[in-house]
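Colleague: Hi! Could you walk me through this one? I'm still new to reading structures.
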Amino acid sequence: MSVKRNGCCTLCDEPVFEITDRFPASDPRAGQPRGIGKALEGARRVGLVLTDGSTVTLSFCDACAPGITDRLGEIWRKCLDTMAFNHENLAAIKGRPLTPEEQASSEEVLLGLAAMVPLGVVTDLPWSDYDDRLRLGL
Ligand SMILES: [Zn+2]
């Protein structure tokens, strides 16, 4: 199972943001990036449209971004594996037992995503442009 890492390219796992903190040994994601800072040079912010018309935003490095359309199945599999990992480890991630409602809600989200596939790329911007737009309030 290949799991996405915070602040890293969805395909190759190379950091695309500054990594400011890592999960402690007590967390199921021990050693993986926890806190992220500014986008690094070449970081891409890519929106994919799913079969129900909703979109998801993912980050890629500039080496992987040109091949996204040909690797949608691989990308989506990694997203689902990540959601499954988080679902299976949710109590450890939260540091307490789950309520029945939390368990059911997590299962519902996972099953909902598993029922969809990405149809294509709808946006592909440098993260630096996106940060600039936020700063300008556009
Ligand atoms: Zn990459």
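This is a predicted model: local features need pLDDT of at least 70, side-chain atom pairs count only at pLDDT 80 or more; totals for chains, interfaces and linings use all residues.

Colleague: Great. In what order do the strands of the open sheet come?
Modeller: The order is β4-β3-β5, three strands with antiparallel pairing. The edge strands are β4 (55-60) and β5 (118-126), and each of them pairs on one side only. On average, neighbouring strands in this sheet are turned by 25° against each other, ignoring direction.

Colleague: And how many bridges join β3 to β4?
Modeller: Six bridges link β3, residues 44-50, to β4. For example, valine 46 has leucine 58 in β4 as its bridge partner.

Colleague: New topic: which residues have the most contacts inside the largest nonpolar core?
Modeller: Those are Cys9, Val16, Val46, Phe60 and Cys61, in a core of 16 residues. At least two residues of this core come from each of β3, β4 and α1 (72-88).

Colleague: What does phenylalanine 60 touch?
Modeller: Leaving out residues up to four places away in sequence, phenylalanine 60 touches Cys9, Thr10, Leu11, Arg44, Val46, Ala65 and Ile68.

Colleague: Okay, and serine 2: buried or exposed?
Modeller: Serine 2 counts as exposed because it has 12 C-beta neighbours inside 10 Å, and the cut-off for exposed is 12 or fewer.

Colleague: Where does serine 2 sit in the chain?
Modeller: Serine 2 lies in the segment before β1 (17-22).

Definitions and conventions:
Residues are numbered from 1 along each chain as its sequence is written. Two strands pair if DSSP finds at least two bridges between them. Helices (H or I, at least four residues) and strands (E, at least two) are DSSP runs, numbered from the N terminus. Axes are lines fitted to C-alpha atoms, for helices over the stretch in contact, and angles run from 0 to 180 degrees between N-to-C directions. A residue is buried if 20 or more other C-beta atoms lie within 10 Å of its own, exposed if 12 or fewer, and partly exposed in between; C-beta atoms are placed from the backbone. A nonpolar core is a set of buried Ala, Val, Leu, Ile, Met, Phe, Trp, Tyr and Cys residues joined through C-beta atoms within 7 Å. Two residues are in contact if their C-beta atoms, placed from the backbone, lie within 7 Å.
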